[in-house]
Amino acid sequence: MTSTDHENDRFPADPGCPHDGEHARSALRVLVLSGSSRTGSVNARLAALVASLVARAGAHADPATLGDFAMPPYDGDAEADEGPPKGALALRDRIEAAQALVIAAPEYNASVSGVVKNAIDWVSRFRPQPFKDQQTLLVSASPSMVGGNRGLWALRIPLEHLGARVYPDMFSLAMAHQAFSDDGSLLDAGLGERLGTTIGSFLDLAEADTRYLCLQRRWYEFLGDRTDAAVTARAED
């Protein structure tokens with residue numbers, strides 16, 4: 001038995017495209033979501049750059065902004081009386097159609113923006129819960145010196161609570177209003193290389209999670225918890 005055969009036995013690929021790496025990457029659909037729809041938003045520009053890098057890496061990029069999904073502030077009474085808004089339904093469908101999710105999120109007052117958090121709150125109400133097991137990469141851009149990084153740490157909390165597999169590395173672009181060239185790339189070659197490497201590594205992980213069915217899908221809120229325990233049922237079901 002060759003080493004390749006041995007690896008294939010250990011990690012069986014999707015029967016629909018077994019061990020076809022080129023096909024697997026091209027079939028990988030990545031929703032690249034800008035958390036800001038403001039004209040001239042640096043996060044929208046960063047999301048556009050990420051989408052182009054995803055496509056250049058061989059995956060299918062599905063760009064969107066939160067402005068595409070109109071949602072009122074979450075209200076439990078409105079949900080009970082009228083059901084979820086069309087924007088939440090549409091965003092749920094786009095997330096479920098993707099094998100990976102990238103969010104370019106603005107930072108408001110050193111935390112996550114209310115618009116992004118509101119979208120998460122609405123979408124989390126669906127069953128099955130759309131964020132569960134979703135491979136997710138967080139990026140941000142800001143005119144500040146910290147590049148929106150504090151907002152990303154705050155954003156990890158609800159996403160990880162909901163079972164999203166948030167990629168350990170994040171990318172924050174500081175002084176973003178001065179960071180882009182006319183063609184949308186980054187002026188700093190080192191930062192551009194780092195962003196490309198981060199996206200490539202993230203896509204490798206998302207592809208492996210899609211192709212190799214033996215990977216177990218489990219998430220624990222704390223050590224010793226079970227996925228069917230009551231404390232995580234609202235996030236897992």
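These legends go with a set of close-up views of one predicted model. Local features need pLDDT of at least 70 and side-chain atom pairs count only at pLDDT 80 or more, while totals for chains, interfaces and linings use all residues. Residues are numbered from 1 along each chain as its sequence is written, and side-chain values use heavy atoms, with hydrogens and water left out.

**View 1. Asp62 and Arg94 pair up in a salt bridge.**
The N to O distance here is 2.8 Å; a salt bridge is a side-chain nitrogen of Lys or Arg within 4 Å of a carboxyl oxygen of Asp or Glu. By that rule the count comes to 11 salt bridges. Asp62 sits in strand 2 (residues 60-65) and Arg94 in helix 5 (residues 86-97), so this pair ties together parts that are 32 residues apart in sequence. Helices (H or I, at least four residues) and strands (E, at least two) are DSSP runs, numbered from the N terminus. Asp62 is buried at 9% relative accessibility, whereas Arg94 is partly exposed at 24%. Those words have cut-offs: buried is under 20% relative accessible area, exposed is over 50%, and partly exposed is in between (1.4 Å probe, protein chains only).

Arg92 counts as buried, with 18% relative accessibility. Asp93 is partly exposed, with a relative accessible area of 41%.

**View 2. What does the side chain of Glu107 reach besides Arg150?**
Start with the Arg150 partner: Glu107 forms a salt bridge with Arg150, the closest N and O atoms being 2.6 Å apart. The pair links distant parts of the chain, with Glu107 in strand 4 and Arg150 in helix 7, 43 residues apart. The two side chains are also listed as a polar contact of 2.6 Å. A polar contact is a pair of N or O atoms within 3.5 Å; within protein, one must be able to donate a hydrogen and the other to accept it, and residues adjacent in sequence count only if both atoms are side-chain atoms. As for the question, the Glu107 side chain reaches the backbone nitrogen of Gly151 at 3.0 Å. Strand 4 covers residues 107-108. Glu107 is buried at 16% relative accessible area, while Arg150 is partly exposed at 42%.

**View 3. Four acidic residues gather on the surface.**
Asp75, Asp77, Asp81 and Glu82 form a patch of negative charge. Patches are made of residues with over 30% relative accessible area and no salt bridge: like charges are joined within 9 Å, and nonpolar side chains (Val, Leu, Ile, Met, Phe, Trp, Tyr) within 5 Å. Asp77, one of the four, lies in helix 4 (residues 76-82). Asp77 is exposed, with a relative accessible area of 58%.

**View 4. Met145 comes close in space to Met175.**
The two residues are 30 apart in sequence, yet 5.9 Å apart in space, C-alpha to C-alpha. Met145 belongs to the loop between strand 6 (135-141) and helix 7 (149-161). At 65% relative accessibility, Met145 counts as exposed.

**View 5. Arg194 is shown with Phe171.**
Arg194 lies in helix 8 (residues 189-211) and is partly exposed, at 41% relative accessible area.

Key:
Areas by Shrake-Rupley, 256 points an atom, 1.4 Å probe, with all protein chains shown as cover. Lys, Arg positive; Asp, Glu negative; His and termini not counted. Charge placed at Lys NZ, Arg CZ, Asp CG, Glu CD.
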